Amino acid sequence: MRNIVVVGAGPVGTVAALACARAGHRVTLLEAEQRIDDSPRASTTQPPTLEILAELGLIDEYIAQGLVARTFQFWDRPARALVAEFDFARLRRRTAYPFVVQTEQHKLVRMGLERLGAMDNATLVMGARVTGLSQRSSSVEVSTEQARYEADYVLGCDGGRSTVRKSLGIEFEGFTWPERFLVITTPYDFAAALGCCYRNYMAGPEEWTNLFKVAGDDLKGRWRAVFNTREDESDAEALGEDSVRARLGRIYVPEAERRALHLNLYSVHQRVAQRFRAGRVFLCGDAAHVNNPIGGLGLNSGIHEAWHLARLLSREGADLDEYERVRRPLNIEYVQQQTIANKRRLEERDPAKRAERFAELRATADDPKRHEAFLMRASLLETWKGASRA
Ligand SMILES: Cc1cc2nc3c(=O)[nH]c(=O)nc-3n(C[C@H](O)[C@H](O)[C@H](O)COP(=O)(O)OP(=O)(O)OC[C@H]3O[C@@H](n4cnc5c(N)ncnc54)[C@H](O)[C@@H]3O)c2cc1C
């Protein structure tokens, strides 16, 4: 049994803490805020992540609080035309969960914290902002504004601006996109109006849209439409009523129904920490890497890291360097490259290249072998089956 401090009760820290506590370690989870952030962020949960949630005993509740999406579609947005559809049912021999579940990330945090709350070997401290760490040969001391904690190992799951990463002096290498992403949440029923499914990637040369449905806290369902902003668009313009209504109009919402329930405007980065481990401290999730959300890979890969690390820490004599050796290249070579390619596919401006990309997608969807191979990558099953089972 080890004494483990997890910094940050986001989805990755919560899964890490639960996985470590279930393995019998003594776990302290330190969260800076007094309440869990329930603003709209990630929701797409890929099959391997569902496998992890099943092992943690959360899967039934997780599915009950979300929406099951078996398919995803690519659209030519200006033409209002479906280009290709991919069906996870084709992976039924590869996973017990041949679908994606759209459950908002704060629901996973709530569920995980509830389970932790019932465990004698786990302690959650809210309002505990970590300010620094100091490592010794056989332990780490973690300081918050109020107290100090001694740990055998520390898992830095404190998000993109990670204090843990900064206190270790680890570079966050990469770049920030010049445009921002705007998320408009709306009750308009796109499935009924356009005949689309719950996850849609709508390509457009000037502006693209990532359109998907989530359950909402009331389980009544609502849609999230993610748009790129213009590079020179101010926050005030992007968030202004006229431009929000115009954007909804460009995804075919009739004039009278252009209603936003929530707006979220954020900067998007592609960055990877230069190291994922420094001595007794590990980085997981957004603390280790950030990427654009197209394809729903960032949070999923963070949860895979949390699981991988919890397994390594629980295996006597395990080579703990395996974590960085496996996870860092996987993020660079797969998550970063794939999310950049996903973005390029949506924003292609050259008409000939656009047509080529659409033809490629159709040909892939029409060929059973290529269809399955495409889904194995898009679902992270390929990397999970290959590398994640510590
Ligand atoms: C505005 C926004 C919108 C997004 N939208 C999408 C989306 O549509 N689709 C998608 O796939 N992904 C999206 N993402 C990314 C996704 O939300 C992240 O990948 C995911 O939250 C990563 O989880 P995490 O647990 O690693 O980090 P976080 O969720 O950031 O959690 C980190 C936790 O650590 C806590 N913390 C921070 N500093 C400290 C400290 N010093 N001490 C203690 N606790 C600390 C924070 O309060 C927080 O609870 C979005 C991200 C943002 C910021």
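Residues are numbered from 1 along each chain as its sequence is written, and side-chain values use heavy atoms, with hydrogens and water left out. Because the model is predicted, local features need pLDDT of at least 70 and side-chain atom pairs count only at pLDDT 80 or more, while totals for chains, interfaces and linings use all residues.

## Overall fold

The protein has 13 helices and 20 strands. Helices (H or I, at least four residues) and strands (E, at least two) are DSSP runs, numbered from the N terminus. With a radius of gyration of 21 Å, close to the 21 Å that the globule rule gives for 390 residues, the protein is as compact as a globular protein of that length. The radius is taken over C-alpha atoms, and the globule rule is 2.2 Å times the number of residues to the power 0.38. Along the principal axes, the C-alpha atoms fill a box of roughly 60 × 45 × 40 Å.

Of the 390 residues, 58% count as buried. Buried means under 20% relative accessible area, exposed over 50%, and partly exposed in between (1.4 Å probe, protein chains only). The accessible surface of the protein comes to about 16,300 Å², and 46% of this belongs to carbon and sulfur atoms. Such areas come from the Shrake-Rupley method with a 1.4 Å probe; for residues, only the protein chains shown count as cover.

Contact means heavy atoms within 4.5 Å. Among the contacts with a separation of 6 or more, 73% are between residues 24 or more positions apart.

## Around the ligand

| Residue and its atom | Ligand atom | Distance |
|---|---|---|
| Val-12, polar backbone atom | oxygen | 3.0 Å |
| Arg-41, polar side-chain atom | oxygen | 3.2 Å |
| Tyr-266, polar side-chain atom | nitrogen | 3.3 Å |

Taken alone, the ligand exposes 1,000 Å², and the protein buries 83% of that.

## Selected residues

Thr-144 belongs to strand β10 (residues 140-144) and is buried, with a relative accessible area of 7%. Not counting residues up to four places away in sequence, Thr-144 touches Leu-30, Ala-128, Arg-129, Val-130, Thr-131 and Tyr-149.

Thr-186 is part of strand β13 (residues 172-186) and is also buried, at a relative accessible area of 0%. Beyond its neighbours within four places in sequence, Thr-186 is in contact with Arg-222, Trp-223, Leu-248, Arg-259 and Leu-261. A polar atom of the Thr-186 side chain lies 3.1 Å from the backbone nitrogen of Tyr-188.

Gln-34 sits in the loop between β2 and β3 (44-45) and counts as exposed, at 62% relative accessibility. Although Gln-34 and Met-126 are 92 residues apart along the chain, their C-alpha atoms are separated by 5.2 Å. Leaving aside neighbours within four places in sequence, Gln-34 is in contact with Met-126 and Gly-127.

Asp-367 caps the N-terminal end of α12, where a side-chain oxygen lies 2.9 Å from the backbone nitrogen of Lys-369. Within α12, the residues His-371, Glu-372, Phe-374, Leu-375, Met-376 and Ala-378 are buried.

After this helix comes Leu-380, with a positive phi near 75°, although Leu-380 is not a glycine. This residue lies in the loop between α12 (368-378) and α13 (381-387) and counts as buried, at 2% relative accessibility. Leu-219 also has a positive phi, near 60°. Leu-219 is in the loop between β15 (209-214) and β16 (222-228) and is partly exposed, with a relative accessible area of 48%.

Terms used:
A polar contact is a pair of N or O atoms within 3.5 Å; within protein, one must be able to donate a hydrogen and the other to accept it, and residues adjacent in sequence count only if both atoms are side-chain atoms.
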